[in-house]
Amino acid sequence: MSDYYLVDKTLLDNGLKEVADAIRQSGGTTAKLSFPTGMAAAVSGIKGAPWWFDKMVNAPGLFQEVTLPEKCEFDFSFLPVSEDAQVDMSRLFRGIKSTKEITVTFPSSKKICIGYIFYGATTIEKVVFKGEFDFTQNPSGGILGGLGAFTLCSNLKTIESTATFGGKEFLRKEATAYNPFYNCAKLVDVRFTPNSAQQDWVFKWSPNLSDATLVSAANALTVGSYTLTLHATASARCAEITGTVSDGAFTASSSGTTTLVDFITTTKGWSLANG
């Protein structure tokens with residue numbers, strides 16, 4: 001027996017119709033297009049269609065507040081886009097319901113914008129981002145690349161991503177909903193871009209961060225007089241993690257003599273505060 005899931009039918013139907021109409025116009029056809037197979041096949045016959053690509057991907061909030069399967073996958077890799085094309089996926093899955101695990105494969109672009117992409121998705125436990133891509137700031141001056149991306153995802157435990165999270169878009173100083181990890185109380189695993197934190201960084205909502213995540217966070221710090229704010233439990237764990245330092249990077253090791261706190265405060269020059 002097939003499984004059926006409740007979705008916002010009007011929103012979904014209208015969105016897919018707009019995409020199909022744009023593909024048909026570019027391809028010079030009136031054929032009915034199924035999703036995703038028919039659309040993918042039609043796309044493969046079109047040479048260069050940047051304007052209709054906007055209809056598909058640059059559609060903030062397309063699945064906003066929709067009830068989706070408990071485990072689902074969205075693959076946008078078939079879409080033809082140059083690596084320098086801006087891809088706005090902001091608010092795409094904002095407030096989705098019922099989903100616990102979701103995988104999103106991005107098209108090959110160095111300018112993926114995911115501002116508020118999962119904002120308020122309280123059932124999400126695992127997010128996986130796949131593809132050859134990187135994150136960017138929205139050049140129009142709107143939503144930054146990572147603004148509020150996982151805000152209020154109170155059950156989120158794991159974030160896996162081909163591209164790591166770094167820079168001011170993700171390693172933010174605000175203790176507000178603008179911070180992409182705001183109220184991610186159950187977060188355990190996520191990875192950051194080395195040497196990319198260039199301002200005070202508030203990352204204080206997650207007491208159970210793994211050792212690997214804490215080491216990644218420490219290695220994300222640039223040398224400077226800034227403050228890293230962690231949950232008190234996570235901060236205390238930093239004093240227990242030992243390792244070695246080479247070329248300005250920390251590697252965890254039970255036989256190491258440098259604690260992660262020493263690395264943060266001495267090697268990187270940061271202050272460590274409890275949130």
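I started with T259, which is buried at a relative accessible area of 17%; buried means under 20%, exposed over 50% and partly exposed in between, with a 1.4 Å probe and protein chains only. I am working on a predicted model, where local features need pLDDT of at least 70, side-chain atom pairs count only at pLDDT 80 or more, and totals for chains, interfaces and linings use all residues. Residues are numbered from 1 along each chain as its sequence is written, and side-chain values use heavy atoms, with hydrogens and water left out.

I placed T259 in strand β11, residues 258-259. Strands (E, at least two residues) and helices (H or I, at least four) are DSSP runs numbered from the N terminus. Beyond neighbours within four places in sequence, I found T259 in contact (heavy atoms within 4.5 Å) with C238, A239, I241, T242 and F250.

Next I looked at pairing, which takes at least two DSSP bridges between two strands. β3 (101-105) runs parallel to β5 (126-130) over five bridges, and E101 faces K126. β5 also pairs in parallel with β6 (158-161), over four bridges; there V127 stands opposite I159.

Which residues touch the most other members of the largest nonpolar core? I noted F93, F118, F129, F150 and W201, out of 61 residues. Such a core is a set of buried Ala, Val, Leu, Ile, Met, Phe, Trp, Tyr and Cys residues joined through side-chain atoms within 4.5 Å. Helix α5 gives the most, four residues.

Last, I checked F129: leaving aside neighbours within four places, its contacts include V104, F118, F150 and F165.
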